[in-house]
Amino acid sequence: MSNHNPSSPSNLPDSQKWVQFDDLANGLAYLHTRVNANAGRTLESAAFVYALIDLLVESGLITVEQIDDRKQQFVDRLLQRYRQHDPGVALQELNQDKYTFAQTAKIDCENRVHLCKAACCKMVFPLSRQDIEEGVIRWELDKPYVIAKGADGYCHHIDRAHLGCGVHAQRPIPCRAYDCRNDDRIWLDFDNRVINPKLTDPSWPHNLTADELSLPEIADDSSLG
């Protein structure tokens with residue numbers, strides 16, 4: 001079968017290529033301008049802070065040791081707040097090839113999807129560098145690089161009619177690794193097919209707590225086979 005894609009950049013007319021390049025160049029120019037502006041403001045703020053600290057130390061009001069101790073306390077608090085409210089750019093920390101990932105879960109989804117309504121396809125997680133460079137999986141423009149969702153809360157790539165994955169071969173590692181059997185957000189009793197009542201709420205998963213909403217951490221299988 002031919003892999004020819006008439007819409008790929010290499011097959012576009014030169015005029016369209018330049019339009020795409022101009023759009024990209026303009027976007028990057030704006031981004032770089034904002035980065036430079038923010039860097040300037042950050043440098044100015046840091047200069048004021050260091051000057052104030054220097055004056056306080058010289059005046060004998062505080063010591064460098066006290067500052068270092070208090071700084072670490074605030075670093076921990078701010079980092080926790082940042083992760084909860086302002087994740088910035090989210091990216092999977094694991095650097096694994098999803099096509100050789102060894103921990104793919106085996107679930108009889110076809111016999112359960114009428115009950116669970118493909119709830120796993122509403123889960124929120126960041127993509128990997130491999131996903132992004134591959135260019136198949138969509139991500140939220142206002143929350144890079146969190147997997148894109150539709151207005152209904154489902155993954156952008158799900159087939160709404162049959163609740164099947166439209167990019168199954170290219171699906172991210174969290175989709176491959178996720179195992180719902182012991183996830184009580186979905187199943188109260190997996191073997192007897194008893195779902196969590198919260199699942200029937202149209203607002204699911206937004207009716208879950210922040211801890212419930214997060215996917216379990218994926219173990220690094222780089223040392224496996």
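**Stop 1: the surface.** Show the surface of the whole protein. Of the 225 residues in the protein, 22% are buried (buried is under 20% relative accessible area, exposed over 50%, partly exposed in between).

**Before going on.** This is a predicted model, so to read it: local features need pLDDT of at least 70, side-chain atom pairs count only at pLDDT 80 or more, and totals for chains, interfaces and linings use all residues. Residues are numbered from 1 along each chain as its sequence is written, and side-chain values use heavy atoms, with hydrogens and water left out.

**Stop 2: confidence.** Colour by pLDDT (the predictor's confidence in each residue, from 0 to 100). The protein averages 80, and 77% of the residues score at least 70. Now select residues 1-9. Their pLDDT is below 50, and the stretch has 7 contacts in the model beyond near neighbours in sequence. A contact means heavy atoms within 4.5 Å.

**Stop 3: the fold.** Switch to cartoon. Look for 6 helices and 4 strands. Helices (H or I, at least four residues) and strands (E, at least two) are DSSP runs, numbered from the N terminus. From that end, the order is α-α-α-α-β-β-α-β-β-α. Among contacts with a separation of 6 or more, 61% join residues 24 or more positions apart.

**Stop 4: Leu115.** Select helix α3, residues 113-116, and find Leu115 there. Is Leu115 buried, partly exposed or exposed? Leu115 counts as partly exposed because its relative accessibility is 27%. Show its partners next: Leu115 touches Trp187, Arg193, Ile195 and Leu199, leaving aside residues up to four places away in sequence. Arg193 lies 78 residues from Leu115 along the chain, yet their C-alpha atoms are separated by 7.9 Å.

**Stop 5: the second largest pocket.** Select Cys109, Cys120, Cys121, His168 and Cys175. Of the 35 lining residues, these lie nearest the pocket's centre. Elements giving two or more residues to the lining are α3, β2 (164-165) and α5 (173-177). The largest share, 3 residues, comes from α5. Colour the lining by class: 25 nonpolar, 4 polar and 6 charged residues. Ala, Val, Leu, Ile, Met, Phe, Trp, Tyr, Cys and Pro count as nonpolar, Asp, Glu, Lys and Arg as charged, and the others, Gly among them, as polar. The pocket's volume is about 780 Å³, the space filled by probe spheres set on grid points joined across faces, edges and corners. On a 1 Å grid over the protein atoms alone, a pocket is an open set of points where a 1.4 Å probe fits, with protein on both sides within 12 Å along at least five of seven lines; lining residues have an atom within 4 Å of a point.

Methods:
Buried < 20%, exposed > 50% of the residue type's maximum accessible area, 1.4 Å probe, protein only.
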